[in-house]
Amino acid sequence: ENYVGNGLYDVAPLAFLGSADEAYSIILSAGVKGLAGQHLDMFLNAPSRATLGGNAHMSGTTLLRLLAAYDALADTDLLSDAEKADIEAALVFGGYVYDHPDYWNGEVGLCSANPNMTSLLKLPLGVLALFLDGHPRAPRWLAVAEAELERELREWIAPGGAWIECPMYQAPSLDGIFLLAQALKNVKGRDLFSAPRLQATMDYYGFILTPPDLRSPARLADSPGPMTVPSIGDAFPNFTHPYNGWIAKATAQSDPAFSARQQFYWKGQAFSCLNGGRAGFIPALCDSDLPAVPPAELARAFEGFGSVMRTSWTDPKASYVAHRNGYFLHHYDPGDANSIVYYAKGAPLCMDFGHRGASHDEVITMYKPDYHNTVSFDLAASERHWGMSGGTVEASRQAQEVRSLPRTIGYSAGLSVGGGNQANTRHVVLVKSDDSLGATYLVMRDVTRDGQPGQEFFWNLWCMAGEPEVAGRSVHFPGLFGVDLDVHMLSPAGPQ
């Protein structure tokens with residue numbers, strides 16, 4: 001209980017391998033025996049994850065924690081032969097459970113809806129199979145996991161690299177993908193880290209990072225804060241992860257240019273080892289000394305997600321816009337279509353706050369479009385949301401556009417539609433200056449269309465600021481981080 005409750009499953013195996021202190025041997029051997037019992041308890045003795053309703057996908061977490069810890073001890077004399085036999089029996093039992101057609105079977109819909117849940121459960125089966133090489137079922141378990149991995153890379157990544165789920169929820173899927181890819185590389189010599197679609201989604205995952213965020217205390221000495229995953233959809237603010245660093249080390253020899261770009265993204269996140277999933281060996285899987293080179297581009301469109309524009313990758317006073325205008329829906333808020341996240345001169349100004357950790361009532365509120373930086377439509381609200389989206393796949397593709405003159409402007413366009421047949425095409429221009437503290441600002445034009453006569457539209461902007469000052473068609477927002485925001489409404493002539 002204390003081993004898990006104190007988070008030792010993340011650090012105990014690494015400490016055991018890196019230190020001669022006998023205390024870590026005692027901690028790890030006790031933890032392994034406890035995890036083996038916990039794994040059996042949740043299915044047999046005290047069932048807690050035996051059904052979909054018990055968050056069955058999380059059972060793979062216990063299995064991987066057990067496997068990582070036992071792998072470090074299996075060739076030592078810290079466990080008796082009988083204890084090793086019991087632990088290996090628990091691992092084999094897990095293989096039979098996760099491969100059972102009545103436990104988690106995506107082919108017949110016997111699974112939870114969120115994509116990452118299948119990834120969290122099915123891909124560890126391959127890691128287990130590689131460890132249990134020689135068991136008669138191991139080849140099948142590995143084949144099941146590899147087929148699932150290939151399917152995810154084929155079906156869950158849009159052209160250009162955007163992931164099927166909101167940015168924060170990409171991390172749980174990368175957990176299983178990277179663990180299996182690393183195990184295959186170590187045991188079989190197969191290099192899935194060089195797969196084009198995996199590299200494309202990792203470039204996307206790095207490109208969308210915000211400028212260094214002043215709100216976070218985690219920072220390097222030469223940075224005002226870490227670059228973070230934008231909190232769009234079901235997300236926490238200030239979310240960072242190590243996956244860019246992990247793939248940077250994995251490809252340092254095979255693709256140095258890609259590796260250097262990924263290392264830049266990881267360094268920008270202050271070499272984060274947070275949210276690294278179930279690996280437990282993140283410091284050993286990454287290398288902070290690798291070369292880091294920023295991308296050449298400043299603006300890109302990502303089909304399914306939206307567009308990102310910025311003034312610089314290296315200036316701490318950079319401006320940045322994430323324009324959410326894609327068709328993917330998993331773990332996004334139903335009302336966030338055509339919304340923006342805006343940083344100016346290094347300061348967060350217009351945010352989407354995510355809703356991880358919020359109460360049920362707060363989540364329902366934030367599902368509605370008027371709690372995002374977008375145009376919301378006059379439609380009677382249901383209990384959950386207002387039926388707004390980024391449109392069909394084809395309509396979203398046709399509306400999405402990005403143009404960039406790196407020194408002067410970035411341009412993005414996108415579509416949002418409502419349940420009452422309303423529509424809004426949003427055009428966003430990021431005006432740049434050679435001086436990062438000079439004239440850098442946004443111009444937005446929203447072109448709305450009624451679905452039927454008399455419908456209203458509401459223009460929403462959420463700012464991190466003190467009390468706003470309204471003067472006619474202008475609003476002054478006193479900034480919280482040394483940068484103020486002035487909003488000038490040019491059209492309509494008489495906004496209310």
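Q: Is Asp41 buried, exposed or something in between, and what counts as which?
A: Asp41 counts as partly exposed, at 32% relative accessibility, where buried means under 20% relative accessible area, exposed over 50%, and partly exposed in between (1.4 Å probe, protein chains only). This is a predicted model, in which local features need pLDDT of at least 70 and side-chain atom pairs count only at pLDDT 80 or more, while totals for chains, interfaces and linings use all residues. Residues are numbered from 1 along each chain as its sequence is written, and side-chain values use heavy atoms, with hydrogens and water left out.

Q: Where is Asp41 found, and what is it in contact with?
A: Asp41 is found in helix H3 (residues 22-45); helices (H or I, at least four residues) and strands (E, at least two) are DSSP runs, numbered from the N terminus. Leaving aside neighbours within four places in sequence, Asp41 is in contact with Ala46 and Pro47, contact meaning heavy atoms within 4.5 Å.

Q: What does the side chain of Lys122 reach, then?
A: The side chain of Lys122 reaches the backbone oxygen of Trp104 at 3.1 Å, and Lys122 itself belongs to helix H6 (residues 115-131).

Q: New topic: how many aromatic pairs does the structure hold?
A: The structure holds 23 aromatic pairs, where rings of Phe, Tyr and Trp (its six-membered ring) pair if their centres lie within 6.5 Å, and planes under 30 degrees apart count as stacked, over 60 as edge-to-face and the rest as tilted. One of them is Phe178 with Tyr243, which is edge-to-face at 5.2 Å centre to centre, with 75° between the planes.

Q: Which parts does the pair of Phe178 and Tyr243 tie together?
A: Phe178 lies in helix H8 (residues 167-188) and Tyr243 in helix H10 (residues 243-250), so the pair ties together parts that are 65 residues apart in sequence. Both Phe178 and Tyr243 are buried.

Q: And which residues are in the cluster with Trp313?
A: Tyr204, Phe207, Phe264, Tyr265, Phe302 and Phe305 form one aromatic cluster with Trp313.

Key:
Polar contact = N/O pair within 3.5 Å; in protein donor to acceptor, adjacent residues only side chain to side chain.
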